[in-house]
Amino acid sequence: MTDRELDAAGITDPALRAAYTRCRALNARHGKTYFLATRLLPPEHRPAVHALYGFARWADDIVDNLDDRATTADRRHALDLLQRRLESGLRNGESPEPVVRALAHTAARYGIDHRHFTDFMASMRSDLVVTDYPTLADLRRYMHGSAAVIGLQMLPVLGTVVPRETAEPHAAALGIAFQLTNFLRDVGEDLDRGRVYLPADLLAAHGVDRELLLWSRTTGRRDPRITEALHAATALTRGVYRQAAPGLPMLAPVSRPCIRTAFVLYGGILDAVRDDGYTVLHRRAVVPRRRRAAVALQGLAQVTAARARAAHDRHPPPDPLGVTRYSQQQVAR
């Protein structure tokens, strides 16, 4: 976390500043696309976003630890400890774990519903034992805790121009859209961890099962049935983006460029998957750096315009001749 961001957020306690800095480092290391988009938020909002995503990354690291010495029991024990620290931190605002301390501070500051964190931890626990999802409905229940609640946690930080409950379904959909995108991009890596996040009923509709995916992953060979299934999963994901899109203008103007940029960049991953011939079982699809830079620059222009409008609204230019007042009086007549 930069001093400028922490100062803007009014975070002065040294230990708390260090906790937020730890969250920022986690987000920068694991979430390059969203970290880039976060730079478009007003500085005073960035620490809270890093706290929310940093905690999610921390828990995810526990679950996905590929160290051969870490057993399922080890991971469960680590999640149990994190759960206890989370509950205690949310209750009293303190924690020996820096990431939890920053999260608790953010939750209290923005009045984030604690149920969102409880639901998130439940999905993290399921990853210890659940390795596939028979139906899309089963996957959606998992994604409520692993992705939808992230969007719901973010809303109080981002702000809305409509009642929050009006924006919530779209925020939840955006979290799910981002995660489905990750599932497509990382299908090969997830298979290495013994998991298949694409629903079995969608795969089966195209003649695909876990065994065929493993065959393709291990041999490096392709199968048209897999390509068709991945194409269908991509279409499904684009549909969720369409559900999320109406929520973008519901956000506070200064927050829209950040989320719109993330929306475009994550959608670009779907384009990269398609353009790469749906070869995600063999290599990760990546949005070209030039494209990412162009989207970020567009977002920066939107940020500049939004901040200028906000400054104008706060401090309108002087009207020494009373022209504006006279015009308003004429309209009133």
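Predicted model: local features only at pLDDT ≥ 70, side-chain atom pairs only at ≥ 80, totals over all residues.
A salt bridge is taken here as a side-chain nitrogen of Lys or Arg within 4 Å of a carboxyl oxygen of Asp or Glu. By the same rule, the structure contains 24 salt bridges.

Helix H2 spans residues 14–30 and helix H4 spans residues 46–63; their axes come within 7 Å and cross at roughly 65°. H2 is therefore roughly perpendicular to H4. The crossing of these two helices is left-handed. On the H2 side, the contact is formed by Tyr20, Arg22, Cys23, Arg24, Leu26, Asn27, Arg29 and His30. These residues meet Pro47, Ala48, His50, Ala51, Tyr53, Gly54, Arg57, Trp58 and Asp61 of H4. Classified by residue type, the contact of H2 with H4 comprises eight nonpolar, four polar and five charged residues.

A further helix pair is formed by H7 (residues 115–126) and H8 (residues 136–158), whose axes come within 7 Å and cross at roughly 150°. The crossing of H7 and H8 is left-handed. H7 contributes His116, Phe117, Asp119, Phe120, Ser123, Met124 and Ser126 to the contact, while H8 contributes Tyr142, His144, Gly145, Ser146, Val149, Ile150, Leu152 and Gln153. Seven of the residues in the contact of H7 with H8 are nonpolar, seven are polar and one is charged.

H7 also packs with helix H5 (residues 72–92), at an angle of about 180° and with the two axes 11 Å apart. Angles over 145 degrees count as roughly antiparallel, and H5 and H7 are therefore roughly antiparallel to each other. From H5, Leu79, Asp80, Leu82, Gln83, Leu86 and Leu90 meet Phe117, Met121, Met124 and Arg125 of H7. The contact of H5 with H7 has seven nonpolar residues, one polar residue and two charged residues. Phe117 and Met124 of H7 are among the residues that meet H5, and both also take part in the contact with H8.

Aromatic pairs were also identified. The structure holds eight of them. Tyr133, Tyr142, Phe183 and Tyr197 are linked into a cluster by ring pairs. Of these residues, Tyr142 is also one of the H8 residues in the contact with H7.

Technical notes: Residues numbered from 1 in each chain as written. Heavy atoms only, no water. Axes fitted to C-alpha atoms, helices over the stretch in contact; angles between N-to-C directions. Helix = DSSP H or I, 4+ residues; strand = E, 2+ residues; numbered from the N terminus. Parallel < 35°, antiparallel > 145°, perpendicular 65-115°, else oblique. Left-handed = near helix turned anticlockwise from the far one by under 90°. Contact = heavy atoms within 4.5 Å. Nonpolar A, V, L, I, M, F, W, Y, C, P; charged D, E, K, R; others polar. Phe/Tyr/Trp six-rings, centres within 6.5 Å; stacked < 30°, edge-to-face > 60°.
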